[in-house]
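Morning, everyone. Let me put the model up, and then we'll go through strand pairing and salt bridges.

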Amino acid sequence: MFDKFFSIFSHDIGIDLGTANTLVWVRGKGIVIREPSIVTMHKKDKKLIAIGTEAKKMLGKTPASLVTIRPLRGGVIADFDATSAMISHYVQKVHDTNGFMSLWARPKVVIGIPSSVTEVERRAVWEAALSAGAREAYLIEEPMAAAIGEGVSVFQPTGMMIVDVGGGTTEIAVISLGGIVVSKSLKVAGDEMDKAIIHYLRLRHGLIIGEASAEDLKIKIGSAYQNQKSKLKDQKQDTAKERMAIVRGRDVETGLPRSLRVTETEIREAIASSVVQIIEGVSDILEESPPELTSDILEHGIILTGGGAELSGLDQLIVERTHIPVIVSDSPLLSVVRGTGKVLEDKELLNRVKVTGGLS
Ligand code: ADP
Ligand code: MG
């Protein structure tokens with residue numbers, strides 16, 4: 001009874017527990033936290049040193065006694081302790097800013113999780129939220145959260161497809177009547193592209209670069225599709241307009257630092273195989289979808305979201321390969337967390353989309 005009364009003062013929390021980024025939404029405030037999903041811990045006793053942005057600063061610079069990990073890398077919970085620590089940290093951080101009211105008003109928490117996590121992992125996430133002080137904790141699958149965040153009315157009997165290209169996973173799902181009809185979680189997304197760039201530069205140019213530099217190159221000059229205009233230019237051997245970037249690394253042979261100028265074409269070539277796998281995943285899901293839903297998707301298009309949706313030309317390539325229109329999210333990094341927020345504000349919606357298996 002008191003719990004119910006004080007719940008009006010509680011700051012309910014929505015969390016997008018992404019493989020690359022964690023975002024937190026708070027009722028009445030909107031998105032209050034956007035940090036990388038990274039944790040630094042002591043190797044031996046797993047004592048927490050830093051979380052999020054602080055931990056990212058330490059990446060690659062920690063002494064042997066510390067480890068910096070991405071607990072959700074690959075879309076599975078690779079490290080339970082680190083994942084729980086992350087959830088507790090953010091729930092408590094928001095809770096503490098709620099002043100003395102936080103003594104009574106414990107928050108309701110909704111967490112978006114990759115659809116590939118197992119039941120055991122789901123339970124761990126759920127328990128972490130409760131032990132961090134949540135009054136109630138609910139999980140929703142990321143593709144569903146993303147669709148809701150994009151403003152799709154998920155209960156319509158009209159099929160829609162959502163493709164969320166994140167860091168560790170690409171979630172592809174067809175949603176109809178408030179449920180996921182077919183889905184796939186590929187372990188190929190932004191991280192895989194970064195790795196491919198590292199591999200390419202080492203092989204082609206004998207240059208060793210780190211993950212951060214590779215990601216930087218991908219964001220600056222990466223593309224999935226060579227548009228018609230530049231194709232024509234290439235034929236005329238005119239590549240003057242091609243985007244380029246300078247990257248610094250270590251020479252394989254000499255071990256000394258060296259800079260290299262890299263072109264857009266090279267990066268496109270480097271990440272091509274990751275991009276193709278994503279498109280194949282989309283085609284597979286289209287094939288597995290019931291024909292009625294496929295025709296809905298054909299009519300309304302595919303919604304492309306997640307950080308990878310910002311990769312230049314990815315939408316065009318999907319259109320070219322599938323002949324289905326693609327709608328790119330306006331703010332692809334925010335779809336899931338916005339979805340968790342909308343779900344928190346609508347009890348009926350929450351009840352219909354929450355994950356139930358084994359959580360009680
Ligand atoms: P997750 O949901 O798995 O945490 P996000 O949706 O936050 O992932 O997306 C992070 C991924 O998006 C990273 O791999 C990042 O490099 C990539 N990304 C961000 N911006 C761009 C961009 N402009 N071009 C290509 N990739 C991008
Ligand atoms: Mg995500």
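Ground rule for strands: two of them pair if DSSP finds at least two bridges between them. Helices (H or I, at least four residues) and strands (E, at least two) are DSSP runs, numbered from the N terminus.

Some bookkeeping. This is a predicted model, where local features need pLDDT of at least 70 and side-chain atom pairs count only at pLDDT 80 or more, while totals for chains, interfaces and linings use all residues. Residues are numbered from 1 along each chain as its sequence is written, chains are lettered from A and ligands numbered from 1 in the order in which they are written, and side-chain values use heavy atoms, with hydrogens and water left out.

Now the strands. Look at β7, residues 108-113. Six bridges join β7 to β8, and the two run parallel. The chain gets from β7 to β8 through α4, and this β-α-β crossover is right-handed. That call means the path from the first strand over the helix to the second runs clockwise, with the strands pointing away from the viewer. Within the pair, K108 stands opposite E136 in β8.

On to charges. A salt bridge here is a side-chain nitrogen of Lys or Arg within 4 Å of a carboxyl oxygen of Asp or Glu. How many salt bridges does this rule give? The count is 21.

Take three of them. D12 sits in the loop between α1 (2-6) and β1 (13-17), and R135 in the loop between α4 (119-131) and β8 (136-141), so the pair ties together parts 123 residues apart in sequence. D12 is buried, at 3% relative accessible area. The cut-offs: buried is under 20%, exposed is over 50%, partly exposed is in between (1.4 Å probe, protein chains only).

Next, D81 and K46, at 3.6 Å, N to O. D81 is in helix α3 (residues 80-96), K46 in the loop between β4 (39-42) and β5 (48-51), 35 residues apart. D81 is partly exposed at 45%. K46 is partly exposed at 35%.

Then K218 and D194, whose closest N and O atoms are 2.9 Å apart. K218 lies in helix α7 (residues 211-221) and D194 in helix α6 (residues 190-205), so this pair ties together parts 24 residues apart in sequence. Buried or exposed? K218 counts as buried at 12%, and D194 is buried at 6%.

Last item: a network. Salt bridges that share partners join D12, R27, R135 and E136 into one.
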